[in-house]
Amino acid sequence: MLLYVHYPFCRSKCAYCGFFSQVRDEELEKAYFSALLREVEHWGRHLDRPRVSTLYIGGGTPSLLTPRDLELLAEQINRHFNLEPGLELTLEANPDSLDSPDLARALAKVGVNRVSLGLQSLDDSQLSLLKRPHTARQGLRAVNAVRSAGIENLGLDLLWGLPNQTPLDWLEQVGRAASLEPEHISCYCLTLEKGTLLQRRAERGELGLPREEQLEAMYMQGAELLGERGYLHYEIANFARPGYFCRHNLGYWRGRDYLGLGPSAVSTLQGRRWANPKDVLRYAETVRTGALGGDAAMLSRGQRLEEFLMLSLRTREGLDLDGYRDLGGEELLQDRAEVIRALRERELIGVSGRRLWLTTRGMLLCDSVTGALMPELE
Amino acid sequence: MRPEQERIRNFSIIAHIDHGKSTLADRVMELTGIIQDRDKKEQFLDRMELERERGITIKSQTVRIPYTWQGTDYILNLIDTPGHVDFNYEVSRSLAACEGAILLVDATQGIEAQTLANVYLALDHDLEIIPVLNKVDLPSAEPERISREIEEAIGLDCSRVLQVSAKTGENVEFLLPRIVEDVPPPSGDSEGPLKSLIFDSWYDPYQGVVVLFRVFDGSIRVNQTIQIVSNRKRFEVNKLGVFAPNPEHCERLGPGEVGFLFANIKDLRNARVGDTITSADNPTPEPCPGFKKVRPMVFCGLYPTEPAKFDPLKKALERLQLNDTAFTFEPEASQALGFGFRCGFLGLLHMEIIQERLEREFQAELIATAPSVIYEVYKQDGEVLRMENPSELPDPAQIAEIREPFARMEIHVPSEYVGNVLKLCEEKRGVHKDMRYLSSARVIITYDLPFAEIVYDFFDQLKSVTRGYASLDYDILGFFTSDVVKLDMLINHEQVDALSSMVHRDKAYHHGRSIAQRMRKLIPRQLFEVVLQACIGNKVIARERIPPLRKNVTAKCYGGDITRKRKLLEKQKEGKKRMKKMGNIDIPQEAFLAAMKKDEED
């Protein structure tokens with residue numbers, strides 16, 4: 001089982017962030033943390049100390065957790081869950097809250113063996129446009145801090161498709177990030193989420209967002225560059241050195257069971273899915289009354305099938321055609337021969353053996369290709 | 001108690017829509033006491049709810065009005081006539097049943113084109129015409145000017161013109177004596193063989209066909225065996241009566257009288273307007289001038305928005321046809337719209353009325369394609385096809401020529417819009433025939449125009465270039481040789497039958513381009529390229545391309561994002577369900593409709 005812990009607080013709200021996160025508040029944080037510890041206990045008992053292969057602490061900005069709280073959390077998890085040897089323990093961190101070697105060492109001591117660092121950009125003007133609470137320099141310092149603490153699995157997050165960014169600008173960012181030699185690089189295209197500052201600015205026409213052809217060039221050329229630097233493009237937005245794929249995230253795409261703790265966290269266990277309340281106080285209340293997972297719903301066979309298709313196609317290994325058929329899906333190569341032929345002609349997909357996968361160009365059209373292959377409605 | 005022939009007066013009211021015909025009829029009925037007040041039914045003559053809404057009477061209905069003048073009892077039969085050119089033939093038959101007509105003109109508006117056409121019809125039937133100006137109570141009324149206009153346009157003596165207000169009732173009491181005095185009593189031989197004219201008929205679900213008729217010679221009795229002259233079918237009269245205004249039964253009706261009958265007639269086609277009823281034993285040697293089978297001139301496709309509504313639509317069409325033999329329909333399958341019907345109408349108003357009735361009765365939305373006309377195709381081998389649908393066009397090598405219908409159009413318009421109207425008519429391939437001034441402010445413009453141009457969007461455009469001040473009337477002249485071509489639309493090199501249309505060669509390029517552009521705007525970009533082509537035969541005359549998408553991907557998708565992402569895909573899939581799949585691309589129905597409906601932009 002994958003275990004996810006959500007930490008919902010941030011130092012400040014970024015201009016593009018559509019996630020549920022809140023600016024820190026001491027009272028709220030206390031309520032959150034005690035509820036979280038109780039939730040760990042709840043599920044540990046309820047699920048009878050289940051085996052956990054990966055633990056991912058995300059947010060929000062979980063690097064804002066004090067070393068003391070982090071230790072308490074780790075102990076609590078260890079007490080109530082059966083952590084497998086070789087557990088992958090990822091902590092999401094922002095450069096501004098991980099800029100000293102001491103802090104990094106404290107993380108390592110608790111057992112964090114993978115850090116996913118929200119670098120986003122190494123260009124200060126872009127960082128300030130995104131309202132990131134850190135500078136490029138702080139980013140570099142954080143990288144050094146992680147390294148000096150002996151954490152040898154470092155992932156960097158980068159954003160592309162930023163206002164006024166050209167493909168050349170992007171390639172420069174990718175090159176500089178790669179030269180820091182992280183084990184893992186995630187490249188997310190800037191998405192204008194509803195209700196964000198950036199979306200409002202875009203609506204007012206204030207942002208010179210790149211055109212579609214430029215975005216295509218950024219994606220294709222960025223992927224090519226990373227390939228040259230030895231990174232494998234193992235999922236739409238994720239690149240890693242061999243052996244350093246994020247096992248936790250791969251688990252989502254491969255349809256493994258996952259338990260999500262903390263406000264707004266989603267869980268899927270044995271075909272049942274539920275989400276915790278988004279609001280911290282409502283979350284705490286739900287934990288207190290023991291109503292966790294009360295609204296769990298069984299995924300229908302059709303939904304499971306759709307998710308299998310959609311998640312598999314995000315990865316380079318692609319869709320297991322036999323597995324898809326065994327789940328009740330079509331025999332795609334036969335039943336969808338015409339569209340598959342057309343997709344191959346456009347070089348959007350490849351088929352090898354019994355797997356169907358997206359080419360790099362196909363990944364950029366993943367949602368459309370998934371739609372084209374989805375079971376048709378009656 | 002039958003009235004003496006010389007104490008009968010049969011008349012109708014000729015008026016433009018909104019000029020107050022129904023209100024005047026109400027007033028007359030109130031004055032004579034046959035309806036008590038207006039609380040029963042506003043505007044009694046407008047039988048159907050729809051007619052009331054549109055302010056137009058579609059089916060005629062008679063009312064028998066008893067009236068005493070100078071000590072003598074008279075019977076006035078008011079025969080209501082439809083006001084629109086689409087029902088020209090029915091108007092003509094209604095007028096044929098009368099000896100006189102009231103020409104009712106709005107004193108604030110003046111005489112309109114269709115009214116004028118109906119006055120000419122009345123004059124053709126030798127009717128005595130009584131000019132009446134209505135709405136004289138309104139401050140904007142100009143009775144003197146309008147009187148002069150009527151004199152100039154028709155040559156009618158307006159020195160005794162009556163000035164009334166149907167709304168307030170002012171002067172309406174002077175109308176009845178005028179009818180008695182001016183309208184001649186019916187002639188006719190009461191001893192001769194029965195000769196009566198069917199001037200209206202409709203299907204009643206309880207009684208079967210209701211026939212309205214006017215007796216010319218002889219008399220008609222209950223239990224009599226009658227014969228329909230055109231097809232020699234015989235029926236026995238079960239019931240005979242008059243509308244006064246409610247149906248009142250009687251035993252016998254003689255020359256000059258107007259009434260209704262039931263004779264167990266199930267099919268409206270056995271009692272067509274214009275046909276003659278005679279006696280089976282003693283048929284008349286001289287039937288009425290004969291009835292004309294009216295043929296639809298305008299066609300359009302009607303489709304249910306949901307496939308499941310096909311059968312209910314078919315039933316509704318069948319029901320409508322029971323009451324309207326001029327309306328035709330046959331099943332049609334369209335690649336784009338599924339199963340529906342190709343329907344034929346007398347004209348545009350007829351089409352609109354039918355569509356509205358259908359939507360009401362059928363209580364569902366309909367998709368109506370742009371109206372088209374019938375073409376005559378002369379083949380090399382001498383065969384002549386009447387082509388209702390472009391898909392019926394034979395191979396071009398077999399075609400000697402194509403003829404399209406032309407109409408003579410009379411447009412009445414204030415003189416300041418003459419330039420606009422001439423320009424519009426020229427654009428619509430019109431041939432200028434005549435232009436004359438009714439008065440210094442009003443002009444009658446006559447053009448011969450291809451009927452296809454008229455049904456396409458002429459009315460809308462005329463309205464807009466004259467700010468609604470024009471009125472018009474048209475008459476189909478016949479079919480004339482024309483350089484008409486079939487314009488096909490191709491989506492990714494595949495022809496879409498439903499989008500083919502007949503257009504004049506000079507306009508094909510513009511039309512094809514316009515369709516392709518409108519479709520392009522409504523077809524979303526997708527995984528694969530979409531190429532739209534407009535073609536005449538093998539020649540591509542317009543091309544539009546919708547380039548394939550380059551990027552459509554959710555940036556990140558982890559545990560918490562999965563449900564949202566799946567729902568997004570499901571929504572996308574729902575959307576596709578409403579689209580028509582053509583190979584690997586999906587075309588929204590709106591795109592087909594944009595191509596099949598009128599061009600709204602230019």
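**Chain A as a whole**

Please keep in mind from the start that this is a predicted model. Chain A contains 16 helices and 17 strands. Its radius of gyration is 21 Å, close to the 21 Å that the globule rule gives for 378 residues, so chain A is as compact as a globular protein of that length.

The peptide bond from A:Gly59 to A:Gly60 is cis, with omega near 20°. A:Gly60 sits in the loop that runs between strand 4 (51-59) and helix 2 (67-80) of chain A. The second detail is A:Ser264, a residue other than glycine whose phi is positive, near 70°. A:Ser264 belongs to the loop between strand 11 (258-261) and strand 12 (266-269) of chain A.

**Two domains within chain A**

Chain A is divided into domain 1, residues 2-253, and domain 2, residues 301-373. Their centres, taken over C-alpha atoms, are 29 Å apart. Twelve residues of domain 1 of chain A and ten residues of domain 2 of chain A take part in the contact.

On the domain 1 side, helix 8 (212-228), strand 9 (232-235) and helix 9 (247-253) of chain A each supply at least two residues. Helix 8 of chain A gives the most to that side, with four residues. By type, the domain 1 residues that touch domain 2 of chain A are nine nonpolar, one polar and two charged.

**Where chain B meets chain A**

Now to the contact between the chains, which takes 32 residues from chain B and 47 residues from chain A. On the chain B side, B:Leu527, B:Arg550 and B:Tyr558 supply 20% of the area buried against chain A, more than any other three residues.

There are six salt bridges between chain B and chain A, along with 21 residue pairs in polar contact. Which part of chain B gives the most residues to the side that touches chain A? Helix 12 (residues 562-577) of chain B does, with twelve residues. The residues on that side of chain B divide into ten nonpolar, eight polar and 14 charged.

**The interfaces and salt bridges in a table**

The size of an interface is often given as the accessible area lost when the parts come together.

| Interface | Buried area | Share on carbon and sulfur atoms |
|---|---|---|
| Domain 1 of chain A and domain 2 of chain A | about 1,100 Å² | 67% |
| Chain B and chain A | about 3,700 Å² | 57% |

A:Arg361 pairs with A:Glu216, with the closest N and O atoms 2.7 Å apart. A:Glu307 and B:Arg566 also meet through their side chains in a salt bridge, at 2.6 Å from N to O.

Methods
Residues are numbered from 1 along each chain as its sequence is written. Chains are lettered from A and ligands numbered from 1 in the order in which they are written. This is a predicted model: local features need pLDDT of at least 70, side-chain atom pairs count only at pLDDT 80 or more; totals for chains, interfaces and linings use all residues. Side-chain values use heavy atoms; hydrogens and water are left out. Domain bounds come from an automatic or database domain assignment. Contact means heavy atoms within 4.5 Å. Buried area is the accessible area (1.4 Å probe) that two parts lose on being put together, summed over both. A salt bridge is a side-chain nitrogen of Lys or Arg within 4 Å of a carboxyl oxygen of Asp or Glu. Ala, Val, Leu, Ile, Met, Phe, Trp, Tyr, Cys and Pro count as nonpolar, Asp, Glu, Lys and Arg as charged, and the others, Gly among them, as polar. A polar contact is a pair of N or O atoms within 3.5 Å; within protein, one must be able to donate a hydrogen and the other to accept it, and residues adjacent in sequence count only if both atoms are side-chain atoms. The radius of gyration is taken over C-alpha atoms; the globule rule is 2.2 Å times the number of residues to the power 0.38.
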